Amino acid sequence: MGVVQNMGPEGTIGKLEIYAKVKILKGENFVTIEETKALSAEEMIAFITNFIDDLELGEIPNVNIMVNSKFTEEIYELLQDNNFQFHDEMVTVYKELNEVVELESNFTFKSLHSISQHEFKEIWAESMTDSLNAPSSLTLDEQMKSLEIELGPDYKDSCLVAYEEERPVGVAIPHIEPGTLDEGRLFYFGLIPSERGKGKSMPLHKLALQLLKDEFNATCYIGGTSESNQPMLKTFMANGCHVIERNKVYKMIS
């Protein structure tokens, strides 16, 4: 990002230094600022009050800031004063994938190479029904477009429907985090409502981790879910993940 400056001519915190510390994700109609844990309280205040205008948000309808749990109430009040409102609290987990071993499973996956995008989107939409996560601000078509942009031409390899005896049970979207070589993520993971509460989440999630390791060559996994989604948090713990951070999600009010 160019030469990093520590302090400006008037003693202010340098913009480049702050921008280099956070992760700014941009899509067609959204901007998300992540990894604010790298900022000090002073830097976070400067970012909110002075620098966020530089991001050319313009008419972008969805702007989110992931605020690390280390920050005090002062930061939350400042966000609210700057046209942001609380949306959700996210829990981030981590797991080394060298522990994942091949397992026998009744589940099979089909990608967009063998099913239509229409079928995939139908099952994805169903799996998001009555989710315990806060609803996305993006429509399903917008999420699909965001997925294509983020993952590039190989996105079809990642769009998977899980089947049990040819009956669809859920969706998993494994991929390598852009900008990394081996950081495994699940863009989405979920079961359709009729398959929940039957003990299927843990083995299906474990199978998705195995895919990340064997098919995508990931060495580690970073996942996340809402603090309110206790079933998914239990699945993470059952599959050997551990919590590495918590963030409050604040959304800009349009």
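Biologist: With the side chain of which residue does the side chain of R185 make a polar contact?
Modeller: This is a predicted model in which local features need pLDDT of at least 70 and side-chain atom pairs count only at pLDDT 80 or more, while totals for chains, interfaces and linings use all residues. Residues are numbered from 1 along each chain as its sequence is written, and side-chain values use heavy atoms, with hydrogens and water left out. A polar contact is a pair of N or O atoms within 3.5 Å, one able to donate a hydrogen and the other to accept it. At 2.7 Å, the partner of the R185 side chain is the side chain of E183.

Biologist: Is R185 buried, partly exposed or exposed?
Modeller: R185 has its place in strand 8, residues 183-191, a strand being a DSSP run of E with at least two residues. Because its relative accessibility is 22%, and the class between buried (under 20%) and exposed (over 50%) applies, R185 counts as partly exposed.

Biologist: Which element supplies the largest share of the lining of the second largest pocket?
Modeller: A pocket is an open set of points on a 1 Å grid where a 1.4 Å probe fits, with protein on both sides within 12 Å along at least five of seven lines, and lining residues have an atom within 4 Å of a point. Here the lining includes Y155, H175 and F216, and strand 7 (167-176) is one of the elements that supply at least two residues. The largest share, three residues, comes from helix 6.

Conventions. Helix = DSSP H or I, 4+ residues; strand = E, 2+ residues; numbered from the N terminus. Buried < 20%, exposed > 50% of the residue type's maximum accessible area, 1.4 Å probe, protein only.
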